[in-house]
Amino acid sequence: MNRETVVITGANRGLGLGLTRAYLEDGWRVIALNRSSSPELESLRNDSLEIHCCDLTDDSHLERFAGSLNGQVIDLLINNAGRMAKDGSVNAGESVQGFGYFNRELWRDVFDINVFTAMSLSELLADAIARSARGRIVTISSMLGSMALNSSGGLYAYRATKAGVNAIMKSMSIDLSGRGIIAIAQHPGWVQTDMGGQGADIDIATSVNGMKAVFDGLRPEDSGKFLSWDGSEMPW
Ligand SMILES: NC(=O)c1ccc[n+]([C@@H]2O[C@H](COP(=O)([O-])OP(=O)(O)OC[C@H]3O[C@@H](n4cnc5c(N)ncnc54)[C@H](OP(=O)(O)O)[C@@H]3O)[C@@H](O)[C@H]2O)c1
């Protein structure tokens, strides 16, 4: 049985919950890091699942979590938690992030979780990940962060955060290669979650199974890539 360990942020719902389920089914040990749990996540509780709840946008909370690992090995970090809109908004809506609607508070909120938490947690867990023979850091990005694929404009804050994580994952792939860590940005597809909506292209299981196959098959030469759920390379 595979006893690798994965840390997944935002594991209480959506893609994070789907990834948690998939890794548990494959025999991994999963550390779910969320700001709060959910009945769905609680229903998966077993010896292989640890649920940590804290404020993911507070570095002192992230530092405490990293400290609690106490020399453990982390094989895979999935920076999944993310949002399109401000806390409390159900849907981003084009108008919220359209040109002429700049809102500093919204941008701070979206950057805080989408970019700052991914960067902070990657730094804090790098030593634990470097202890793995196959250490990997994945940040869930989006095709909306691609310059080449932007043909519709809008969604300024969200697009900027995803372009931002693409940039940081590229730098990490270079800076962490000497420590044997593979770093990639991952597009999950347009997925039927609260964020993606029910009209999205694919369901959670399809996205998660595809992404897991990508993560399982990562080789050092893949580090620094921007990959899609089906393993194809995304244009920057
Ligand atoms: N669904 C898509 O079509 C799609 C496409 C491209 C990229 N993505 C990316 O995929 C990732 C997962 O999205 P999803 O579709 O699963 O969305 P989701 O169903 O809306 O779930 C979002 C997750 O992120 C967490 N999160 C959001 N803001 C947070 C904050 N400030 N602090 C802590 N946790 C926070 C949520 O926790 P709470 O329950 O506590 O809010 C939840 O666990 C995101 O990074 C998203 O940008 C999704």
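**Exercise 1. Find what covers the buried residues of helix H3 in this predicted model.**

Solution. 
Step 1. Locate the helix: H3 runs over residues 59-68.
Step 2. Pick out its buried residues, which are Leu62, Phe65 and Ala66.
Step 3. Check how they are arranged. Viewed down the axis of H3, the buried residues fall within an arc of 95°, so they line one face of the helix. The spacing rule behind this is that an α-helix has 3.6 residues a turn, so residues three or four places apart point the same way.
Step 4. List the cover. Strand S1 (5-9), strand S2 (29-34) and strand S3 (49-53) are included in it, and so is helix H5 (104-130).
Step 5. Look at what comes after the helix: Asn70 follows H3 and has a positive phi, near 50°.

**Exercise 2. Decide whether Ser173 is buried or exposed, and name its contacts beyond its sequence neighbours.**

Solution. 
Step 1. Compare with the cut-off. Buried means under 20% relative accessible area. Ser173 has a relative accessibility of 7%, so it counts as buried.
Step 2. Set aside neighbours within four places in sequence; Ser173 is then in contact with Ala183, Ser223 and Gly224.

**Exercise 3. Describe the position and exposure of Gly217.**

Solution. 
Step 1. Gly217 sits in the loop that links helix H7 (204-216) to strand S7 (226-228).
Step 2. With a relative accessible area of 42%, Gly217 is partly exposed.
Step 3. Take a second residue for distance: His187 is 30 residues from Gly217 in sequence, and their C-alpha atoms are 16 Å apart in space.

**Exercise 4. Work out how the chain as a whole is built and whether it is as compact as a globular protein of its length.**

Solution. 
Step 1. Count the elements: the chain has 7 helices and 7 strands.
Step 2. Read their order along the sequence, which is β-α-β-α-β-α-β-α-α-β-α-β-α-β.
Step 3. Compare the radius of gyration with the globule rule. The chain has 17 Å, close to the 18 Å that the rule gives for 236 residues, so it is as compact as a globular protein of that length.
Step 4. Turn to burial and contacts. Of the 236 residues, 52% count as buried. Among contacts between residues at least 6 apart in sequence, 67% join residues at least 24 apart.

Terms used: Residues numbered from 1 in each chain as written. Predicted model: local features only at pLDDT ≥ 70, side-chain atom pairs only at ≥ 80, totals over all residues. Heavy atoms only, no water. Helix = DSSP H or I, 4+ residues; strand = E, 2+ residues; numbered from the N terminus. Rg over C-alpha atoms; globule rule 2.2 N^0.38 Å. Buried < 20%, exposed > 50% of the residue type's maximum accessible area, 1.4 Å probe, protein only. Contact = heavy atoms within 4.5 Å. Arc of directions from axis to C-beta.
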